[in-house]
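This briefing is for a reader who is new to the structure shown below. It starts with a question and then goes topic by topic.

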Amino acid sequence: MIPQRISTLIVAEKPGVAKAFAEFLSDNRYREIKYGRAKIYVFRYKGELWASIGLRGHLMDFDFPEEYNSWQKVNPRQLFFIKPIRKTRREAWGYVKALKLLASRASRIILAPDADVEGESIGFEAMTIISRVNPNATFERAWFNAVTRHDILQAINNLRKPNPNLANKAFARMVADLTIGAAFTRALTLIAEKEGAKLPRGRFISYGPCQTPVLYLVVKRALERENFKSKKYYVIEALLEAEGQQFKATYAGGKFDKKEEAEKVYRKVKNAKHGTVSDSHYDSVEINPPVPLNTVELEKRASNFLNIRSKQALAIAEDLYQNGLISYPRTDTNIYPPTINLRQIASQFLDHPEIGVYVRREILSRKIKPTRGKEDDGAHPPIYPTRYASKSFVKTHFGEKGWKLYDFVVRHFLATLSPPAVQEKQALKIDINEVPFEATGSRLLDEGFYEVYPYSKPSDSPLPYLVKGDIVKVLEISVVEKKTKPPPYLSEAELLRLMKKYGIGTDATMQDHIHTNLKRKYFIIRNKRCIPTELGKNLAVILHETVPEIVLPEVRGKMEKRLVLIARGEREPGEIVGEIKEEFLEYYDKLLENRDKIAEKIVKAINNVYAKYHSKRKISAKRKYRYVRKH
């Protein structure tokens, strides 16, 4: 039974965090009550009865009034002049019901969603629902970056006021994106269907002010590949030997466009048996450890090193965070604040079976001087491990990928506290019959941070140690034909970097915009590379040709800069949304002026993409008909 009177109600964004509040504030003396799908934790804190509840993200969405939701009856252009309304999400009904019940029994509310713009907006959604039931309720905000006892207690002892500017920034973005996305999606779909596009039921031509610029970046690189004209070129390579070691050298004059020119030089050296070292360099250089980890870097490196897709990587990181294993994973910061006790965090891994000795020898035995990036959002520290957990524990609770990501976060953190690696860069210049050749190599002299962070460790390709005047044996010399190579398709890591550069999405949503394109079949990811489909390529190309403003990544970046002014309290959300709508209304009219050109380009692509779907439906219908006749 839920108590009739509660002194304080804590509203967290996630059930795991609500449970953590109950555990840490009550020293594990709490009671769990199920109310529909919601879990409520009741406990005593400082002699008073408290309760905590975890939601499942946003409780409400913006949508148009019901009469504007008919695609066939409503001109999409009208949507620019309609004010969206808030509606409770269907999947949130159970949580709203529980929140209303608790609101009627508590007068003091502590909002404890994630410490970011999205979290603040979720907190204000909860405030709206609670205030309708209990107009006299008071609200405070708990701000924390990790789900640990220390962070939770510190948040409770340093409560602040909810920040309407942060919430309004999120709400303004939601309204603008809804209006733009709905108007352009409906217009493109209706244009295509009118000209004969056969879309399966429930499918449409999707446009999003973040989603489509992401598609454009992928298509732009693919077109660069298609338009690339490969050229032949020629190099002269020599296989040499010295001190019992074979190595390769190439003609120092570079490549040749014509084979005859290469062969002219080759004839001077083809019968040579020896060469003479004219110069040598063996220089030691330091390789600095990585800077502290932010969200985009976590997603990029998870894709590159662990083969975990960005969306899944952030979802796993969220689970690890909720269970107190890592700090808050949505952050733009790559500078550790002075308030974090780095030595204390590192010492938690002294008993780690693989890296405990390294921690004692290379980190705790000296003064800790962490690496520093250049970004600080002023809100959250970089991502770091908050406690040691064994491999078996993590794998049992979070699976193999959970272990890989947790282990990566631990090693990355320790690497930022570690000494640099030392690599020897090697270079030889060799004269063969007075024709200059050169060879390069490298050797890792001191592993440094690579001992704990093997993901990007360079491989050795050493040269023999030679000095000026040494003689090398020529084993073979040849003219090698090569071809220039096209740029590769964008990797997911590169795409995330470009999204960060242009300001497309936030650290919380970037991976979602990639996932939406995959879901819409606009591009696929194969071997970590983003490859556009025929439909995605045609859509991006025709939109860029007709209304480039709605696909260019810089346009979204400008939108985000304006939204930041709301968070700072410098502009009103209604003003910013109005300006954005006005701009995109011009782009919308431009789109309609080119409707025939757009339809011609994408209808064929749509029908090709869904031809297999329609074929399977026909076969299925025939089989069903035969079955009915037979039985």
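How many bridges join strand β1 (residues 6–12) to strand β7 (residues 106–112)? Six bridges join β1 to β7, and the two strands run parallel. Two strands pair if DSSP finds at least two bridges between them. The model is predicted, so local features need pLDDT of at least 70 and side-chain atom pairs count only at pLDDT 80 or more, while totals for chains, interfaces and linings use all residues. Residues are numbered from 1 along each chain as its sequence is written, and side-chain values use heavy atoms, with hydrogens and water left out.

**The chain as a whole**

- The protein chain has 19 helices and 16 strands; helices (H or I, at least four residues) and strands (E, at least two) are DSSP runs, numbered from the N terminus.
- The C-alpha trace of the protein chain spans about 95 × 70 × 65 Å along its principal axes.
- Of the 631 residues of the protein chain, 51% count as buried; buried means under 20% relative accessible area, exposed over 50%, and partly exposed in between (1.4 Å probe, protein chains only).
- Among contacts in the protein chain with a separation of 6 or more, 77% come from residues 24 or more positions apart; contact means heavy atoms within 4.5 Å.

- Strands β1 and β7 belong to an open sheet of six strands in the order β2-β3-β4-β1-β7-β8, with mixed pairing.
- Its edge strands are β2 (30–35) and β8 (138–141), each of which pairs on one side only.
- Neighbouring strands of this sheet are turned by 25° against each other on average, direction ignored; axes are lines fitted to C-alpha atoms, for helices over the stretch in contact, and angles run from 0 to 180 degrees between N-to-C directions.
- Thr 8 has Arg 108 in β7 as its bridge partner.
- Helix α3 (residues 117–133) packs on the sheet and touches β1, β7 and β8; the direction of α3 makes about 165° with that of β8.
- Helix α1 (residues 15–26) lies across β1, β2, β3 (38–45), β4 (48–54) and β7, and runs at about 15° to β3.

**Strand β11 and its partners**

- Strand β11 (residues 274–287) pairs with strand β12 (residues 421–432) in the antiparallel sense, over eleven bridges.
- Ser 280 has Leu 428 in β12 as its bridge partner.
- Strand β11 is also joined to strand β14 (residues 471–483) by three bridges, and these two strands run antiparallel.
- The bridge partner of His 274 in β14 is Lys 473.

**Cavity and pocket**

- A search of the whole structure finds one cavity of 30 Å³ or more. On a 1 Å grid over the protein atoms alone, a cavity is a set of points where a 1.4 Å probe fits but cannot get out, and a pocket is an open set with protein on both sides within 12 Å along at least five of seven lines; lining residues have an atom within 4 Å of a point.
- The largest cavity has a volume of about 30 Å³; grid points are joined across faces, edges and corners, and a volume is the space filled by probe spheres set on the points.
- Residues lining the largest cavity include Tyr 207, Pro 209, Arg 556 and Phe 584.
- Helix α16 (residues 553–567) gives the largest share of that lining, three residues.
- The second largest pocket holds about 1,200 Å³ of space.
- Of the 46 residues that line the second largest pocket, Asn 145, Thr 148, His 150, Asp 151 and Tyr 384 are the closest to its centre.

**Helix α14**

- Met 510, Gln 511, His 513, Ile 514, Thr 516 and Asn 517 are buried in helix α14 (residues 510–519).
- The cover over these buried residues includes α6 (211–226), α8 (295–306), α9 (310–322), α13 (492–502) and β15 (523–526).
- Just after α14, Lys 521 takes a positive phi of about 65°.

- Thr 185, in helix α5 (residues 164–194), is buried, with a relative accessible area of 7%.
- Not counting residues up to four places away in sequence, Thr 185 touches Trp 71, Phe 204, Ile 205, Ser 206 and Tyr 207.
- Thr 250, in strand β10 (residues 245–251), is partly exposed, with a relative accessible area of 33%.
- The C-alpha atoms of Thr 250 and Val 479 are separated by 10.0 Å, and the two residues are 229 residues apart along the chain.
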